[in-house]
Amino acid sequence: MKNKYILIYDELAKEISTGLYQSQELLPSESELTEKYSVSRETIRKALKLLSEHGYIQRIQGKGSVVLEIDKVNFPISGLVSFKELAGKLGQRASTSVTTFETILPTPFLEKTLDIDSSELLWNISRVREIDGERIILDKDVILKRTAPELTKEICASSIYEYLEDSLSLTISFAKKEITVEEPTVEDRELLDLEGFSTIVVVRNYVYLDNALLFQYTESRHRTDKFRFVDFARRNR
């Protein structure tokens, strides 16, 4: 059973997503929410903290919790978040289609990138992510086949990371990321809804297991109007 603050978070996130609370509107106060849900103030604060972390609200001292614009989706730059985890926040607004699922041998680029030899078998996977009926992300993944030899197209349509972590007990540890703005390729224009868009945001991920094995190279190609790439930075002196 979910903790009470998770249930409250889920309900408030749904109300924001469906427009019950509009951008720049204040949520009810902590006292009002405490009374509404018959829980402690600490439980409400945990729920509000989660809403803030997921980009639904901004908590302002002396004012309250202000609802943020959510037509753009927040991607944490420093985190490793699967699309399924993101889709859980978006509800029925998000879906995935697998357009390529095959075994390949590495190109010279992949040999160098993954530091492998020419005989290493790789999974080559492309997935189109749809949000609100628009195809706006193309994820192109290359994964060492030896790390997940029984991978299937159905798993790819759901969550590769969930499969690796929960079914294979692998630990995905860290990633190096590169973010660029580029012209769309022919493939981008074929698979994504890019009419009127002359650039896309490309996030290249080099993903490592906890044994420092570079097992995945990903290009995540995003339409520019739907995403904010966010991070938290602290100045140290």
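## Basis of the values

The model is predicted, and local features need pLDDT of at least 70, side-chain atom pairs count only at pLDDT 80 or more, and totals for chains, interfaces and linings use all residues. Residues are numbered from 1 along each chain as its sequence is written, and side-chain values rest on heavy atoms, with hydrogens and water left out.

## Aromatic pairs

A pair of aromatic rings is described by the distance of the centres and the angle of the planes. Rings of Phe, Tyr and Trp (for Trp, its six-membered ring) pair if their centres lie within 6.5 Å, and planes under 30 degrees apart count as stacked, over 60 as edge-to-face and the rest as tilted. By this rule the count comes to four aromatic pairs. One of them joins Phe174 and Tyr208, which is stacked because the ring centres are 4.5 Å apart and the planes stand at 10°. This pair links distant parts of the chain, with Phe174 in strand 7 (residues 172–182) and Tyr208 in strand 8 (residues 200–209), 34 residues apart; strands here are DSSP runs (E, at least two residues), numbered from the N terminus.

Burial is judged by relative accessible area (buried under 20%, exposed over 50%, partly exposed in between, with a 1.4 Å probe and protein chains only). Phe174 is partly exposed at 36%, whereas Tyr208, at 13%, counts as buried. The rings of Tyr206 and Tyr217 have centres 5.2 Å apart and planes at 50°, so that pair is tilted. Tyr206 lies in strand 8 and Tyr217 in strand 9 (residues 214–223), eleven residues apart, and this pair too links distant parts of the chain.

## Strand 9 and its partners

Ten of the ten residues of strand 9 are buried, so this strand is largely enclosed by the rest of the structure. Two strands pair if DSSP finds at least two bridges between them. Strand 8 and strand 9 pair in the antiparallel sense over nine bridges, with Tyr208 opposite Leu214 of strand 9. Their hairpin has four residues between the strands, and Ala212 there takes a positive phi near 70°.

Strand 6 (residues 134–144) also pairs with strand 9 in the antiparallel sense, over seven bridges, and Ile137 has His222 in strand 9 as its bridge partner.
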